[in-house]
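Below is a report on a predicted two-chain model. The structure comes first, then the reading of it.

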Amino acid sequence: MSNYESAGGRLVTPVTLFLGALVAIAGYFVLMRFLFGIGAETPFGAVTNLNDGYSWGIWVVYDVVIGTGLACGGYALALLVYVFNKGEYHPLVRPALLASVFGYTLGGVAVMVDLGRWWNFWHILTPGYANPNSVMFEVAVCIALYIHVLWLEFSPTMFERWGWSNAARRVNKVMWVLVALGCLFPMMHQSSLGSLLIVMGAKVDPRWHTMLLPALFLLSAISMGFAVVMFEATLSADGFRRPRETPMLKKLAVVLSGILAVYLGLRFADLGWRGQIPALFQGDFLARMFWLEIALFALPILLFSRAAWRGSPQVLFAGSVSMLLAASLYRVDGFLVAMTPNGDAFHYFPSVPELMVTIGMIAFEVLAYIVLARVLPVMHGHAPVHGASKAAAVPAGD
Amino acid sequence: MTVSRRNFLRGAAAGCTAATAAVVAPAPAEARGNKELPPEAVGLLFDATMCVGCKACVVACKEANGLPIQVPMERAYEDPSQALSPTSFNIIKMYKEGEAKTKDVEQDGFSFIKRSCMHCVDPGCVSACPVQAMTKDAKTGVVSYNADACIGCRYCVMACPFGIPKFDYDKAVPEIHKCQLCNHLWKEGRFSACADVCPTGATIFGPVPKLLAEAKRRQAMTPGEVAKFPRRSTETGDQTKEKPAAKYVDHIYGEKEGGGTQMLMLSGVPFDKLGLPKLPERSYASMSETVQHTLYDGLVAPAVVLGGLLAATYRSSRKKGGSEEDSHE
């Protein structure tokens, strides 16, 4: 019944073993964190370098804010395929959804590691405790709901593997509702992740602090979604030795350029409106960071501007990497670099254990993606090509 | 392809325009303004020109709140607490410039400054806290913390413009710590220990309107003019001996900052030199909540968007009628 198949292949390889080791190291530091606190000393340095000036570090900014942005592939494709009715991108949906399920679920896990009083987590969803005025409340409710929606969207893939065709059919019948919810929730919380910064006011440099934060975060999250689809499609084509989806990615590149242009237009219009343009030419460190961001955002537009260029898998890959770096840097700048706490001189750079936990999370995500793509029917149906002989086999829709 | 791109961009642009319009141009009626001062608001007035830097208030605060003093009690004035921390809710810091000869003068002068919770009229920490662990008392306006509700997300730490809430990073069961105006002493008829103990009247406790009136009275005085000043609290009748009025900068810090605070400050040295942030009159909490409520009040906007999405996904699932495009099948 399915047009999908698993990628197949061995599960225990040097790559998966290495990833497993990284996960184990992270596990050790997570254990230290739960036993002794998020800033506790370990033989390898403090668990985190968080302090009262920078109370949110990479566990929040990378694992949650950037991590869920990187997990927007499922959302971005769902918008394209189901809302803008572009069925030809359908073959990309399942792999993207798999990455989204993992990105978001791990984002949720990362929150629990970062929360100081994690055993009270349920308060945030409980009337009497919950504070609807809080941006964090909106983010938490919305991400919690979206994780469930994502698993439901992905469930037919697992049901197929287990041969539960009735269950798969039942979920597929209401898939249009799930997809609509799966488009709504990211729209809400990806914008709210930007709104988190509004209440921080003057602590965030005015070149980043604007009432348009929600719109800018949403647009850049959608771009991240498309970029990550291009990134993953290229990597898994090479990694799993499957044919490339270049013709489809080529068109996606055009869509991505369009969104990026809107994003950049909005960002500069807002800076102009708020009289911040001269501050961009101050030549200070933050101004240089700003222009680095802008260059990374603009590079994909340039790379994808000619049909011949965007036909090259290398160019598509480079453009998607540039885009992912751009949106990640935008988030790191907003939450950390452009942040100046009041009071004593605070500094923050993640500690080694803190970095290892984040690296372990990424390793777990990649590991799980590899294992599940090899086991579950995630890849669009065409025989795996070993070597280059059948590389011309191009999926339908172009 | 060009057509599809154009359609897509048109759709995307329309969506973004709508979202942007909702964000930038909220109907004035929906914009949430600053909150008002609670009816029985109490607070502190700190006059830097009267502070001699004895740190009696630092020690009294630690005693009243059961916080450790890091040196023997008889030498408590030497307590090295330099910054607010989970065990220091109130500190006196020093400003020095050049030769630091003259008190309350910006150049070649020095000044003391008290740092403790400002008890904002419209606090960012209360707006940010997702679980109502940070609350502002509806009557007295005291901003206090309830560890039983707290999830330890530290959004209050990030939201506070003054750097007040402090978190236990090295504890498995951490809490937030900050000044609560000694509201636990009120039932004994006592008030904020820092004001109670201050020998010079530099810090006084009282209802905020009275503190503001006192601050304005001092500012209206001619420098050098001799007068008595309230000591400990505006309510106890304690007064200082007659002493000359100081020369103040023309600003009552906390009257307007970030929507106003229940701790007010007077000084001879500009407040930014003393480490206090320059804040707009509009509270950041009101800005944040205006955006949130514009987008989410009554869930109207999400419901409308969901309606549109459902129509689109239903149509696209019908069109392909059970083919493979129907779902992720």
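## Confidence in chain A

Chain A has a mean pLDDT of 89, where pLDDT is the predictor's confidence in each residue, from 0 to 100. In chain A, 94% of residues reach 70 or more. Among the elements of chain A, helix 10 (residues 285-303) has the highest mean pLDDT, 97. Strand 4 (residues 379-380) of chain A has the lowest, 76. Helices (H or I, at least four residues) and strands (E, at least two) are DSSP runs, numbered from the N terminus.

Residues 383-398 of chain A have pLDDT below 50. Beyond near neighbours in sequence, this stretch still has 27 contacts in the model. Two residues are in contact if their C-beta atoms, placed from the backbone, lie within 7 Å. Where pLDDT is low, the predicted coordinates should not be read in detail.

This is a predicted model: local features need pLDDT of at least 70, side-chain atom pairs count only at pLDDT 80 or more, and totals for chains, interfaces and linings use all residues. Residues are numbered from 1 along each chain as its sequence is written, while chains are lettered from A and ligands numbered from 1 in the order in which they are written.

## The nonpolar core

The largest nonpolar core has 212 residues. Such a core is a set of buried Ala, Val, Leu, Ile, Met, Phe, Trp, Tyr and Cys residues joined through C-beta atoms within 7 Å. A residue is buried if 20 or more other C-beta atoms lie within 10 Å of its own, exposed if 12 or fewer, and partly exposed in between; C-beta atoms are placed from the backbone. The residues with the most contacts inside the core are A:Leu77, A:Cys183, A:Val229, A:Met230, A:Leu256 and B:Cys156. Helix 8 (residues 213-239) of chain A gives the most to this core, with 16 residues.

What does A:Leu256 touch, leaving aside its neighbours within four places in sequence? Its contacts are A:Ser223, A:Phe226, A:Ala227, A:Pro300, A:Phe304 and A:Met323.

## Helix 3 of chain A

Helix 3 (residues 73-83) of chain A is largely enclosed by the rest of the structure, because 11 of its 11 residues are buried. Among them are A:Gly73, A:Tyr75, A:Leu77 and A:Val83. The buried residues pack against helices 4 (93-114), 5 (135-162), 7 (175-195), 8 and 9 (246-273) of chain A, and against helix 8 of chain B. Just after helix 3, A:Asn85 takes a positive phi of about 60°.

Helix 3 and helix 4 of chain A pack at an angle of about 145°, their axes 7 Å apart. Axes are lines fitted to C-alpha atoms, for helices over the stretch in contact, and angles run from 0 to 180 degrees between N-to-C directions. Helix 3 contributes A:Gly73, A:Gly74, A:Tyr75, A:Leu77 and A:Val81. Helix 4 contributes A:Val93, A:Ala96, A:Leu97, A:Ala99 and A:Ser100. By class, this contact has 7 nonpolar, 3 polar and no charged residues. Ala, Val, Leu, Ile, Met, Phe, Trp, Tyr, Cys and Pro count as nonpolar, Asp, Glu, Lys and Arg as charged, and the others, Gly among them, as polar.

## Where the chains meet

The contact between the chains takes 79 residues from chain A and 70 residues from chain B. On the side of chain B that touches chain A, helix 1 supplies the largest share, 12 residues. That side divides into 42 nonpolar, 16 polar and 12 charged residues.

## Chain B and its sheets

Chain B has 8 helices and 12 strands. Of its 329 residues, 45% are buried.

One open sheet of chain B has 3 strands in the order 2-4-3, with mixed pairing. Two strands pair if DSSP finds at least two bridges between them. Strand 2 (91-96) and strand 3 (102-103) are the edges. Strand 2 runs antiparallel to strand 4, with 6 bridges; B:Ile92 stands opposite B:Lys114. Strand 3 runs parallel to strand 4 (residues 109-115), with 2 bridges; B:Lys103 stands opposite B:Phe110. Strand 4 is mostly covered, with 5 of its 7 residues buried.

Another open sheet of chain B has 3 strands in the order 9-1-12, again mixed. Its twist averages 20° from one strand to the next. Strand 1 (residues 42-47) and strand 12 of chain B pair in the parallel sense over 4 bridges, and B:Leu45 has B:Leu264 as its bridge partner. Helix 6 (residues 208-220) of chain B lies across strands 1, 9 and 12, running at about 20° to strand 1.
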